[in-house]
Structure formats: C-alpha cells, structure tokens
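Please read this briefing alongside the sequence and the model.

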Amino acid sequence: MPRYKDLLQQQKKTQKDLFEVVYAADPRVDKPLINKMVNGICLPTPKQIEVICKFLNCEITELYSAHELLTIPVVEATKPINKRVREPNEFNLNVRIRRDLVNKVFSKENLKKLGYPSMADAIRSFVKGLEKQLDRLDIAEKKETS
C-alpha cells in the first residue's frame, strides 16, 4: 500500500494540495484520480510520480514498496497514433439528450434511412440548415430596413 497518507500528514499537506500540483503538470488528472492513487487503487504515470515526489520531497521508494514499483509502467514519449488534430476554427459540441430519443434517431438504420452516414454528419447538416435559415432571416431584415 502506498504511503501517501503518511507523508502528506507528516508534512501537513492535503490531497487537495497534491491534486493542484499534479493537475498543473498534467491537466488530465482529476481529484478522484488522486484519491485512487493515494488509496492504492491505481498508479501514477512516470510524469505524475516525478511531480508527486518533488511535491512531497521524497524518493519514489518512500511512497511505494519494491513490489509496487515493479508494476508502475515505464512509458516512453511517443506521438499519439491517429489522434485527430482539431482545427482552430472547429467547435466541439457536447449536449445532453434523452437516451431513448438518441437511440431511436441516431441508430445506424435510421441514420441510413435519413441519408446520413453518421451521427456527426446528421448534426453537421442540421447546423448547416440553421445557418441557411439565419442567412435568409438576415436578408429579410436588410430588405425591411432598406
């Protein structure tokens, strides 16, 4: 079992303090993940352990037993494979929609019936339609003010 709690307590530091330091170095980290590390449920990445040891002013052997150290993955820096790079003018959209409605409308069969190869294509088409509708309204407003 890792000895985070002992070291944090001895140094009068909290898990929140630990989280803030690790998050600054690796924004993928959240509070539940730090809690899992402290409680021995999961292991940090090499980058995270480096930050943790620096924060706690300790060696990795003070946090983990020899057996635990053998299970920490050694990761070499590699480029992500096939990771899509978002263009600066793209917007990532997340929405909450009733699951039953999504299952019905966005099933592969129904998307195919509607003429869309994918959910993303259907949503893009919808947004494009809204854009055209706004363009028509703008033209109508300009005619009214002229």
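**Helix packing and salt bridges**

What covers the buried residues of helix 3 includes helix 1, helix 2 and helix 4. This is a predicted model, in which local features need pLDDT of at least 70 and side-chain atom pairs count only at pLDDT 80 or more, while totals for chains, interfaces and linings use all residues. Residues are numbered from 1 along each chain as its sequence is written, and side-chain values use heavy atoms, with hydrogens and water left out.

**Terms for the helices**

- Helices are DSSP runs of H or I with at least four residues, numbered from the N terminus.
- Buried means under 20% relative accessible area, exposed over 50%, and partly exposed in between, with a 1.4 Å probe and protein chains only.

**Buried faces**

- In helix 3, the buried residues are Ile-34, Met-37 and Val-38; they cover an arc of only 95 degrees around the axis, which puts them on the same side of helix 3, the arc being that of the directions from the helix axis to the C-beta atoms.
- Helix 2, which spans residues 15-25, has Leu-18, Phe-19 and Val-22 as its buried residues; seen down the axis of helix 2, these fall within an arc of 100 degrees, so they line one face of the helix.
- The buried residues of helix 2 pack against helix 1 (4-10), helix 3 (31-38) and helix 4 (46-56), where contact means heavy atoms within 4.5 Å.

**Ends of helix 3**

- Just after helix 3, Gly-40 takes a positive phi of about 75 degrees.

**Salt bridges**

- The structure holds 4 salt bridges, each defined as a side-chain nitrogen of Lys or Arg within 4 Å of a carboxyl oxygen of Asp or Glu.
- One of them joins the side chains of Asp-26 and Arg-28 at 2.8 Å, N to O; Asp-26 counts as buried at 4% relative accessibility, whereas Arg-28 counts as exposed at 66%.
- Another salt bridge links Arg-98 with Asp-100, the closest N and O atoms being 3.0 Å apart, and Arg-98 is exposed, with a relative accessible area of 55%.
- Asp-121 forms a salt bridge with Arg-124, with the closest N and O atoms 3.2 Å apart; both residues lie in helix 9 (residues 119-145), 3 residues apart, about one turn of the helix.
- Within that pair, Asp-121 counts as partly exposed at 28% relative accessibility, and Arg-124 counts as exposed at 52%.

How values were computed
Helix = DSSP H or I, 4+ residues; strand = E, 2+ residues; numbered from the N terminus.
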